[in-house]
Amino acid sequence: MDDLDRIMLVMDEAFAPEYGEAWNRRQVGDALVMPGTRYGLITAEGRPNVRRDDTVAGFYLSRRILDEEELLLFAIAPAFRRRGLGHALLQRFIADARSDGMQRLFLEMRAGNPAGHLYLAHGFVPVGRRPNYYRTSDGSRLDAISHALDL
């Protein structure tokens, strides 16, 4: 199993299908080979260095442009939530971005996303709203909320 396989396993479990937020394998694979894209994994035990037989509990995928970085995807599999893994993975993302000279981080999430508290706890602040941006499986619309963190 390679890292793309691990990312997809978490993605399949972590993203509720009614919101249509999950990426497919091709989208993730294409993103991983683009310049400026990076990812991080976290094991069920909270380690960032994944060995062959480790269970991966979460991942992030981001894209850098100049001195800014956007968090494109962030997920912890439901079976591993409420263990501090999301905090640890987000802290690592922020620390790595800071050490690599990034000046500002961005992310976008749907209104009502339960991960919102995690981002706020790490200093991200809402900076914009896109009305009716996301469409759910039942056809209803949800706003997108853009967040930023100055490093």
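**Salt bridges, pocket and a loop proline**

Author: Arg38 is buried, because its relative accessible area is 15%, under the 20% cut-off. The model is predicted. Arg38 pairs with Asp96 in a salt bridge, where the closest N and O atoms are 3.7 Å apart. This pair links distant parts of the chain. Asp96 sits in helix H3, Arg38 in strand S1 (residues 37-43), and 58 residues separate them. Asp96 has 27% relative accessibility, so Asp96 counts as partly exposed.

Now turn to Arg47. Its side chain meets that of Glu45 in a salt bridge (3.5 Å, N to O). Arg47 also forms a salt bridge with Asp54, and there the closest N and O atoms are 2.9 Å apart. Asp54 is buried, with a relative accessible area of 12%. Arg47 is partly exposed, at 25%. Glu45 is exposed, at 57%. Salt bridges that share partners also join Arg38, Arg64, Glu69, Asp96 and Asp100 into one network. Why can such pairs form? Side chains of opposite charge can pair when their charged atoms come close. Over the whole structure, the search finds 15 salt bridges.

The largest pocket holds about 970 Å³ of space. Its lining has 31 residues, and those closest to the centre are Phe74, Ala75, Asn113, Ala115 and Tyr119. S3, H3, strand S4 (104-110) and helix H4 (116-121) each supply at least two lining residues. S3 gives the largest share, seven residues. By class, the lining has 18 nonpolar, six polar and seven charged residues. H3 is thus a contributor to the pocket lining, and H3 also carries Asp96 of the bridge to Arg38.

Last, the proline. Pro78 is found in the loop between strand S3 (68-76) and helix H3 (85-99). Both of these elements supply residues to the lining of the largest pocket. Pro78 counts as partly exposed because its relative accessibility is 40%. Leaving aside residues up to four places away in sequence, Pro78 touches Glu13 and Ala14. Pro48 lies 30 residues from Pro78 along the chain, and their C-alpha atoms are separated by 18 Å.

Technical notes:
Residues numbered from 1 in each chain as written. Predicted model: local features only at pLDDT ≥ 70, side-chain atom pairs only at ≥ 80, totals over all residues. Heavy atoms only, no water. Helix = DSSP H or I, 4+ residues; strand = E, 2+ residues; numbered from the N terminus. Buried < 20%, exposed > 50% of the residue type's maximum accessible area, 1.4 Å probe, protein only. Contact = heavy atoms within 4.5 Å. 1 Å grid on protein atoms, 1.4 Å probe; cavity = no way out; pocket = protein on both sides within 12 Å on 5 of 7 lines; lining within 4 Å. Points joined across faces, edges and corners; volume = space filled by probe spheres on them. Nonpolar A, V, L, I, M, F, W, Y, C, P; charged D, E, K, R; others polar. Salt bridge = Lys/Arg side-chain N within 4 Å of Asp/Glu carboxyl O.
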